[in-house]
Amino acid sequence: MEYEWVYNLAFFFGLLMLMMLSGMPVALGFITLNIVGLYFFLGPGSLALLATSSFSSIGQFTLIAIPLFILMGELLMRTGLAAKTVEAVDHWIGRIPGRLSLSAVGGGTLFGALSGASMASVAMLGSTLVPEMAKRGYKPAMSVSSILAGGGLAVLIPPSALGVLLGALAKVSIAKLLLAGILPGLILAAMYFAYFAIRAKLQPELAPPYQAQVISLKQKLHALLMVSPLLSLIVVVTGFIFLGIATPSESAAMGVVATMILAACYKRLSFEAVWKSLMATMTTTTMMLLVIVGSTGFSQLLAATGSTSSLVSVVGGLDIHPLLTVILMQVVVLILGCFIDTISIMLVAIPVFMPIINAIGLDPIWFCILILVQLELAGITPPFGVLLFVMKGVQQHLKIGEIYRAALPIVLIQIALVALLMIFPALV
């Protein structure tokens, strides 16, 4: 049948949606779909292919970076070193309007460059800064919004565990992908700074000005001196990748060792902190590796049934500009981000999108950065953005409606960044 691939795709995605609605874990849902699809479409003998590909997909040296980057972020948060960086940033912000919101963005940028764990970043910023903001009379439009903005930057700014996962799924250079996120991440941070500073100036009732403690230059330099060893982590991790001295996996390993040494030097290293960090890392890593297994099997299922090649042929034969194709893909990811988590989006979209991007001759690294921005966006898109619920968890007195409203301006700013990167791809 000429359109048999359409029915196959409809069957796969329909079955997938049913499993998601049933509450089945996403990774297990994909693996189940792969087993059912291969069995019925290609016969029982094809299941050996799934077993072989599952091992080869996660038995890669490059994936070692995922648990190591996650462990680094957990250690920074649980030893209190992350909070010290936010405090140092706050000293240097000065007495400008909305300074606590700007501290959240600055602290999130710095923590993102140190770890790459957005959920940990939002939890850390939310628990440390929101109480102070509430005491100073900040409204959720400024407090919650800035925490979500600063925390989400960890997705884009290297080292990003989600970036490593995306690179593995899309089969692109992980080192190039991590480095490509630096400038877009800094541009997004600058857009946040401008937004919160201007809004605090125009609507002072949202962030009431107060007589902040005067911080002398000596105190500022002391605060910078106290956290300067932490800033060396950025050189160890991102700097070594940039200079080609180490691979992302090697840099991540050095980053973990350096973090533990620094925590010991600051007298913050404890058995409890290390144990909790290891347990959290194990849980998250297991989920991510299952995601890779599920995605690899799904890609093979689509390829084996002819769905991928047929879809690429149809899209390639459309008389539309390649950028319009990319825009349509971005809209699909944006809509998915309103309802499912970032991992699920990658599982659904990457096996379908990447063959099309390669077929129409667009730069896969540039496209992956656009997807990373959209994944960051998915974390704060109502109604089911995971960072919204993390925010609710650390500040339970806030109503979920207030958190949703606070997230909307951040959503619009990130959409503006996507448009900017599409107009000026050289930024990537």
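Me: Let's start with a term: a residue is buried when its relative accessible area is under 20%, exposed when over 50%, and partly exposed in between (1.4 Å probe, protein chains only). With that in hand, which residues of α4 are buried?

Reply: A word on the model comes before the list. This is a predicted model, in which local features need pLDDT of at least 70 and side-chain atom pairs count only at pLDDT 80 or more, while totals for chains, interfaces and linings use all residues. Residues are numbered from 1 along each chain as its sequence is written, and side-chain values use heavy atoms, leaving out hydrogens and water. The buried residues of α4 are Ala65, Ile66, Leu68, Phe69, Ile70, Leu71, Met72, Gly73, Glu74, Leu75 and Leu76.

Me: What makes α4 count as largely enclosed by the rest of the structure?

Reply: Eleven of its 14 residues are buried, so α4 is largely enclosed.

Me: How do you know that the span of helix α4 agrees with its number of residues?

Reply: Helices here are DSSP runs of H or I with at least four residues, numbered from the N terminus, and the expected span is 1.5 Å times one less than the number of residues. For the 14 residues of α4 (residues 65–78) that gives 20 Å, and the end C-alpha atoms are 20 Å apart, so the two agree. Just after α4, Gly80 has a positive phi of about 85°.

Me: Why is the contact of Arg78 and Glu74 called a salt bridge?

Reply: The term asks for a side-chain nitrogen of Lys or Arg within 4 Å of a carboxyl oxygen of Asp or Glu. Arg78 and Glu74 meet at 2.8 Å, N to O, so the pair qualifies. Both lie in α4, four residues apart, about one turn of the helix. Arg78 is partly exposed because its relative accessible area is 35%, whereas Glu74, at 11%, is buried.

Me: How many salt bridges does this rule give?

Reply: Two. Glu272 and Lys276 also meet in a salt bridge, at 3.0 Å, N to O. These two lie in helix α14 (residues 271–304), four residues apart, about one turn of the helix. Glu272 has a relative accessible area of 49%, so it is called partly exposed, and Lys276, at 41%, is partly exposed as well.

Me: What makes Cys265 exposed or buried, and what about Cys368?

Reply: Cys265 counts as exposed because its relative accessibility is 59%, while Cys368 has 0% and is therefore buried. As for disulfides (pairs of cysteine sulfur atoms within 2.5 Å), a search of the whole structure finds zero.
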